[in-house]
Amino acid sequence: MRPPGTIPAATASLGALLLPFGASASAQAPGTSLPPGFQKTTLAAGLAEPTAIAFAPDGRLFVAERAGAIRVIENGDLLPQPLIQIQADTTQGERGLLGLALDPDFAANGWLYAFYTTQEPRSRVGRFTVAGDVASPASEFLVWQNPDLCAVFHQGGGIRFGPDGNLYIGTGDQFFTPNAQILFTQHGKVLRLTPAGAIPPDNPFAGFAGAEGAIWAYGLRNPFRFSFDSLTGQMWIGDIGGNTPTSWEEIDAGVAGANYGWPIQEGGACYIPSCSAATPPAHSYRHDDGAYSALGQGCVIVGPVYRGGAFPAEYEGNLFVADFANGWIRRIVLGPGGSVAADLVFEAAPDAGTVVDLAVGPDGALTYVTNGIPWVGATETGTVQRIAWIGAGNQAPVAVASASPAQGPAPLAVQFSSAGSSDPDAGPGPLSFLWDFGDGTTSSEPDPSHVYLAEGPHTASLTASDSAAQGSVTLPIAVGSRPTAEILAPPPGTTYRAGDRIDFQGSGEDPETGTLPASSLSWQVVLVHESHAHPFLGPLAGVSGGGFTVPASGHPPGDSHLEIRLTASDPSGLSGSAARALVPIATTLVFDSIPSGVPFFLDGQPETTPRILESLAGFEHEVRAPAVGTVDGSPLGFECWSDAGGITHALVAPEGGMNLTAGYASVPTQTATFAVTGLLRNAEHSPLFGQEPADPSNPLSICWGRNAAGPLQAGFEFFLPVPQGAFVAEARLRMLAAYGQFLGPISTIRAYDVGVAPPFDPASDTPLAEWAPLTATSVGWAPPIFQPGAFHESPDLSPLLQEVVDRDDWATGNAFGLVLDGSPTVGAGWRCVANFYSLVPPLLEVTWALPPLPGGGCTFACGFSTYGLGAAPPPTLGLLGTGSPRVGGAVVLTTTGIPSSGTWTVISLEPAALPLAGGLLLVNPGLALAAPFLPSSGGEASWTVPVPQDPVLVGLPLHLQSVAPDPGASQGFAFSAGLRAILCP
């Protein structure tokens, strides 16, 4: 985040990016980083925030624009009229028209499916009937609508038909991360419905008590794009990762009932003691991996598995993926069983641009769409690009075009030039040119002159051909004088805090017609985040002004600023733009734990201490510490936050920054093994026999999986001495294999989410999965072939037991029940284990620890905390500490926002509250230990403080404050808040 008073020069005025009167223009054909033999051409340009594409069987390409229009590209031409204009809400964030899919029988029924945000706003999938190149909004059939209203970000938006003929829908977590793990909400999921919107009975959670039956997979952050392999049917999901350099982008292999772990697991990182309940990604990359990002960010866009038959053989079966934030396309070479054999660059960054969707057309070419959200330092239009294989024996020509002048009053005489165009391999034919001037006339001369008579924008194109391949490029020509846009309010340099109201006002002036009416103006506000932008507000068309409130929660405000953009259009279609960057009041927050390295959750996002966060003054964060964390495998129990807040509490970012430390203490663990204790504490359920204490074909065993009659379910119950609120480190079933194993079942394991599991009933036909409410958490298991007479272990089931023992009605000695459900099994397959009758019943081995008693306080609270934030006037300096304040160690103290040459940092053994020079001295000057003057560099000074190796200092509180000369202050001094440091062992 930039300090107050600075405006990014690249975004200060979009008007500077437009061609001035009489200027020339030049352009070069795109796509120079593709492998030899591939050619990239632009099918359409100038689209308004396109988001998704879908090919019709006849070769037409439907292109969705975020504001609700669906455009048609037919025979290589973008039709002037949209297919349909859907009334989509785009007033905030990432809402709008986000996904397209065509019915498998589109050629006969004309059904097109669109994922969009309604005006309420809600996420919806509507089905529209296409007739020719038109679809009426009145033809809409509601397929699905989320019961909950939309948030601003993380809508999801991917929709695809699977090989089973069902419609799959990707939904984001709506920027509330717990949604992803909750089965009674449809956020953060992949849903599966029939084309008419019904829930298929074989959905993994259909009929499960307390679960949404539409859910097919869960634990996802923002599954914006996914695809199906047309040959194998395998689903590939792209789950967009978090916002930090240590966040991960995931490519997940879609499996029914799978939990992909967000927010407890992301990529290769697990943020709780055990992530065994989560399905790891098939492939992932971290934002700070230089092979994938030079920017420390990412946004994965999963495309198709290539089965087009027009690329070389080594590309067949590759999964194409892109990254919106980094501008590359890669191909994932898939090995046996969907394993990732290689990850190779196809189009290098940043040549691909802001890719948001990819598809393979009927001709076998790879087509993709770029969104065109402006990037810092440049303006990019929304385009549709086509990459085709033209053969390794001939490389396409490179078209380079220029025009002078590129703007002026009518009649406008323009001199065009193809200078710089080339053919890399000089053949097979001589280089020839075709100019299309965009007004219905053409020329085959290499450097023609042309006179434009009609005012307005025109697009001239140059195609260079070697008789076997061609390259094209376009140039914008503006005939007439562009209008100017002027932002009247807010003024340049306007600063903001979270919760501030920002009003904007502007005007447009046309040289020919004078002041433009409000109907000619259009506004957009974007959140510029690092080196890319997120939509925030608009477009708002037809108004001369408006306003908005800076969010006090939601998208993390670090490394970002808001920017207001105004476009004015004249009657001929020419436009001019202006932009105004707003300046955030930045503040720095430091989070740590004692010992360092304990994961915690910040705004629902998994983090690991220590964490230094740039934030916005007034922004409300939520911090949540795990009750029990682990460092190097040792369990630690939470004791307190250094600000005395609860284990989960809100934190408003103050000006001047602050420190916050979580204290932990070691907790002992214990391990015990428990057996099924009676006839009614284990059961098998089948559609033919209902609940039975044994398998009908073998009285000494219980089976699960699937047979010819349907899914088999097994249930086991154990009486456990684990107390309420304990930390469960590990839990595994140990079972003696019986005879009769068959093929490969896939099972979902869940627990009974009740205070005490009810015994089974041999007289009941109720499936075990409906016998009592089940946990939201599940664990998938595809068990290997069991060796009869040998013991076999399940995966770690601690997340299931943890969910149950955290219930208010759980008590020591209660019965804990597990259900192994074979519903995900396709075809026949089962496993059988010894039951209670066999005298060797299933065992549950549990390792648990007791966290510290609530309210017990911190036995050795240490670390940094900030105090005195409520002083009047509020502190203007920031004083931050990093590192653990340990005896024999060292910490770094940093003062920020220094207005002059340097600062004093005072340390004392006691706090104070003494009025001094118009501020408040929060340390005791009579007990000052040190008061060095630190020179400032760029408004910041850092000081490394060694801590003596003296155990007497453990638990000793030190109080620190910075004071700096400030000519702008009432009595010439600026003050920081106080910083308390309690020394650790």
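**View 1. The C270–C275 disulfide, in a predicted model.** A disulfide joins C270 to C275, with 2.0 Å from S to S; the term covers a pair of cysteine sulfur atoms within 2.5 Å. This is a predicted model, where local features need pLDDT of at least 70, side-chain atom pairs count only at pLDDT 80 or more, and totals for chains, interfaces and linings use all residues. Residues are numbered from 1 along each chain as its sequence is written, and side-chain values use heavy atoms, leaving out hydrogens and water. The torsion about the S-S bond of C270 and C275 is about 90 degrees, so this disulfide is right-handed. C270 comes out as partly exposed at 35% relative accessibility, while C275 is buried at 12%. For these labels, buried is under 20% relative accessible area, exposed is over 50% and partly exposed is in between, using a 1.4 Å probe and protein chains only.

**View 2. The C703–C832 disulfide.** The count comes to two disulfides, and here the sulfur atoms of C703 and C832 sit 2.0 Å apart. With 105 degrees about the S-S bond, the C703 and C832 link is right-handed. C703 belongs to strand 60 (residues 701–707) and C832 to strand 67 (residues 829–834), so the pair ties together parts that are 129 residues apart in sequence. Strands (E, at least two residues) and helices (H or I, at least four) are DSSP runs, numbered from the N terminus. C703 is buried, with a relative accessible area of 4%, and C832 is buried at 4% too.

**View 3. Cysteines C150 and C299.** What keeps C150 from bonding to C299? The sulfur of C150 is 18 Å from the closest cysteine sulfur, in C299, and that is too far for a bond. Looking from the other end, C299 has its closest cysteine sulfur in C150, again 18 Å away. C150 is buried at 10% relative accessible area, and C299 is buried at 13%.

**View 4. Two tilted aromatic pairs.** A search of the whole structure turns up 38 aromatic pairs. One of them is F153 with F175, a tilted pair at 6.0 Å centre to centre and 55 degrees between the planes. Rings of Phe, Tyr and Trp (its six-membered ring) pair if their centres lie within 6.5 Å; planes under 30 degrees apart are stacked, over 60 edge-to-face and the rest tilted. F153 lies in the loop between strand 12 (141–145) and strand 13 (156–161), and F175 in the loop between strand 14 (167–171) and strand 15 (189–193), so the pair ties together parts that are 22 residues apart in sequence. F153 is buried at 6% relative accessibility. F504 and W523 are also tilted, with ring centres 4.6 Å apart and planes at 40 degrees. Their pair links F504 in strand 40 (residues 501–510) to W523 in strand 42 (residues 521–529), 19 residues apart. F504 is buried at 2%, and W523 is buried at 1%.

**View 5. An aromatic cluster, and arginines over rings.** F38, Y306, F311, Y315, F320, F346 and W389 make up one aromatic cluster. R331 lies over the face of Y315, at 4.1 Å from the ring centre. Elsewhere, the charged end of R127 sits over the W111 ring, 3.6 Å from its centre. A charge sits over a ring if NZ of Lys or CZ of Arg is within 6 Å of the ring centre and within 35 degrees of the ring normal.

**View 6. Helix 2 under cover.** Seven of the eight residues in helix 2 (residues 798–805) are buried. Among them are L800, L801, V804 and V805. Strand 62 (727–736), strand 63 (747–751) and strand 66 (815–821) are included in what covers these buried residues, where contact means heavy atoms within 4.5 Å.
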